[in-house]
Amino acid sequence: MLHIMKRVLIWVLSLWSVVGVGLSRSQDGLKELKAKESWLSYLEKDAEAPGANPIMVPLTLIQGADSKGAVCLDGTLPGYHMDPGSGSGANSWLIELEGGGWCNNIKTCVFRKTTRRGSSKFMEKQINFTGLLSNKAEENPDFYNWNRIKLRYCDGASFAGDGQDEANQLYFRGQRIWSAAMEEFMARGMRNAEQALLSGCSAGGLASILHCDEFKDLFPKTTKVKCLSDAGLFLDATNVAGGRTLRDMYTGVVTLQGVQKNLPNTCTSQMDPTSCFFPQNLIANIKTPMFLLNAAYDAWQVQESLIPPSADPHGSWRDCKRDRSHCNSTQMQFLQDFRNQMLNAVNVFSKSNQNGVFINSCFAHCQSEKQDTWYENDSPRIGGKAIAVSVGDWFFDRTPLKAIDCPYPCDNTCHDVVFK
């Protein structure tokens, strides 16, 4: 019997950081934005399994993309990292859409231009490929020898905006970046794909939902095409003060970046544009097979949507927010209600035989890109099955996959994020 060990990720933050006491004075605004950037990096990319020896994959800029207006927020060329497939995976393609939050006003978008999330000038020249992107069979049993690509995220609207702000030299070109990238990948051999998987984590997981059917339409009907959204199930939830933090943010993103015209008309014909940026209003109408991987108590949503500093001015949620073992019964019930909202959101979606679901009762975020949560001896499991095996079984139609965990605290395989 495999011995499952619980691993806890520790993120050290001062109480004055973005997830502690809010920085409200204008002179602290830059510090707050930097703290948010650092927090995103930790959750979505930089917390890799210790001891891993991953492949390093260089950055490629999409030459000529600027002639199509497909540029990052600051006007620089978009980029990606590609590790070519081999052997049985030579004609299989995996596209991973990078995550990294959104910018919803001029201030946050101007700041974003000074980071790798808004400019290819600041992107790493090479990055590690781990988890779903690993090239080792023992780390990534089903996809290790595929053509694996990570498309960098530098627009701030989940690859869905189309507009610009000339006064502030901001280019909102996410949709054009998506199109230019797909054109580039098709030219590099993806047009001959026998099977393809579009994936993404966090804001990239939302992008995978938004673009899933577009991705499918690139290929002949004979190509096996599916989509995976990891930590992309952002809910239109009420925060602890009764406000709607994420809805307010999404309204800014959709309005500022001209997202409305790129949202599915199956939704916009019935709901307002902001509602159609929320996955819960989109997933039931996606025609392409999709897999939703999400922590029921998503760490980013708990921190930034449910309990943002602005909704907890007296800090009564501070200890609970940092470590769920410090939550009182009322606070824990609030978090259980959030889990119930998530299960309700996937109810219709999960009834389709072609779709897959893995919702574990963890306080985590982005579990497919990190080796320790994707596929290791002590990685998270539901019913004894790891995430990598679950996704593989679903993609290759080995077994149907509808895995929904029992509520916290029953799962001892979680790699929870705890704040100290």
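The structure is a predicted model, in which local features need pLDDT of at least 70 and side-chain atom pairs count only at pLDDT 80 or more, while totals for chains, interfaces and linings use all residues. Residues are numbered from 1 along each chain as its sequence is written, and side-chain values use heavy atoms, with hydrogens and water left out.

The protein chain holds 12 helices and 16 strands, where helices (H or I, at least four residues) and strands (E, at least two) are DSSP runs numbered from the N terminus. Of its 420 residues, 61% count as buried; here buried means under 20% relative accessible area, exposed means over 50%, and partly exposed lies in between, with a 1.4 Å probe and protein chains only. Among contacts (heavy atoms within 4.5 Å) between residues at least 6 apart in sequence, 77% join residues at least 24 apart.

Helix α3, residues 174-187, is largely enclosed by the rest of the structure, because 10 of its 14 residues are buried. Among these buried residues are Trp178, Phe185 and Met186. After α3 comes Gly189, with a positive phi near 125 degrees.

The loop between β5 (126-129) and β6 (147-151) contains Lys136, and Asn140 lies in the loop between β5 and β6 as well. Lys136 is buried yet has no salt bridge, and Glu139, the nearest side chain of opposite charge, is 4.2 Å away; Lys and Arg count as positive and Asp and Glu as negative, whereas His and the chain ends are not counted. Neighbours within four places in sequence aside, Lys136 is in contact with Asn53, Pro54, Ile55 and Tyr144. Asn140 counts as buried because its relative accessibility is 0%, and its contacts beyond four places in sequence include Arg148, Trp374 and Tyr375.

In the whole structure, 19 salt bridges are found, each being a side-chain nitrogen of Lys or Arg within 4 Å of a carboxyl oxygen of Asp or Glu. Lys226 and Asp397 form one of them, at 3.0 Å from N to O. This pair links distant parts of the chain, since Lys226 in strand β10 (residues 224-230) and Asp397 in the loop between α12 and β15 are 171 residues apart. Lys226 is buried, with a relative accessible area of 5%. A further salt bridge joins Asp393 and Arg398 at 2.7 Å, N to O; Asp393 is buried at 9% relative accessible area, whereas Arg398 is partly exposed at 43%. Salt bridges that share partners also join Glu98, Arg116, Glu124 and Arg152 into one network.

Most residues other than glycine have a negative phi, and most peptide bonds are trans. Asp397, although not a glycine, has a positive phi of about 60 degrees, and Ser202 likewise has a positive phi, near 65 degrees. Ser202 lies in the loop between β9 (195-200) and α4 (203-217) and is buried, with 2% relative accessibility. The peptide bond from Tyr408 to Pro409 is cis, with omega near 15 degrees, and Pro409 lies in the loop between β15 (402-404) and β16 (417-419).
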